[in-house]
Amino acid sequence: MKCRLGCGACCIAPSISSAIPGMPNGKPAGMRCINLSDDNLCLIFGAADRPDVCSDFDATIDVCGKTNQQALILITELEQLTN
Ligand code: SF4
Ligand code: SF4
């Protein structure tokens, strides 16, 4: 599937352990990435220092669901299962 631009769930729900520009220690689950704009777009998309984990993330129906709200719920569940 194609990413729903403006969703942003994968930039909010999961914890990210690698350094993110502006967040050197990564971020905990449920916290908005500092690089996520108010309209839920990545402000550093395409930048060299965008974390690999972000570039490598592919939208799939299992993770992203059919709505932005579903994505938040699914990713939060996955996060809890993997911790
Ligand atoms: S959760 Fe999925 S649909 Fe939403 S922004 Fe991330 S990749 Fe795109
Ligand atoms: S750097 Fe961009 S893609 Fe990665 S979590 Fe932050 S806003 Fe999302």
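**Close-up views of a predicted model**

**View 1. The whole fold.** From the N terminus on, the elements run α-α-α. The count is three helices and zero strands; helices (H or I, at least four residues) and strands (E, at least two) are DSSP runs. The radius of gyration, taken over C-alpha atoms, is 12 Å, close to the 12 Å from the globule rule (2.2 Å times the number of residues to the power 0.38), so the protein is as compact as a globular protein of 83 residues. This is a predicted model: local features need pLDDT of at least 70, side-chain atom pairs count only at pLDDT 80 or more, and totals for chains, interfaces and linings use all residues. Residues are numbered from 1 along each chain as its sequence is written, chains are lettered from A and ligands numbered from 1 in the order written, and side-chain values use heavy atoms, without hydrogens and water.

**View 2. Buried residues.** Of the 83 residues, 31% count as buried, meaning under 20% relative accessible area (1.4 Å probe, protein chains only).

**View 3. Ligand 1 and its shell.** The residues around ligand 1 (a heavy atom within 4 Å) include Cys3, Cys7, Cys10 and Cys64. Arg4, Gly8, Ala9, Phe57, Ala59 and Ile75 are also around ligand 1. By class, this shell has eight nonpolar, one polar and one charged residues.

**View 4. Ligand 2 and its shell.** Around ligand 2 are Cys11, Cys33, Cys42 and Cys54, among others. Ile16, Asn35, Leu36, Ile44, Arg50 and Pro51 also belong to this shell. The class count for ligand 2 is eight nonpolar, one polar and one charged.

Methods:
Nonpolar A, V, L, I, M, F, W, Y, C, P; charged D, E, K, R; others polar. Buried < 20%, exposed > 50% of the residue type's maximum accessible area, 1.4 Å probe, protein only.
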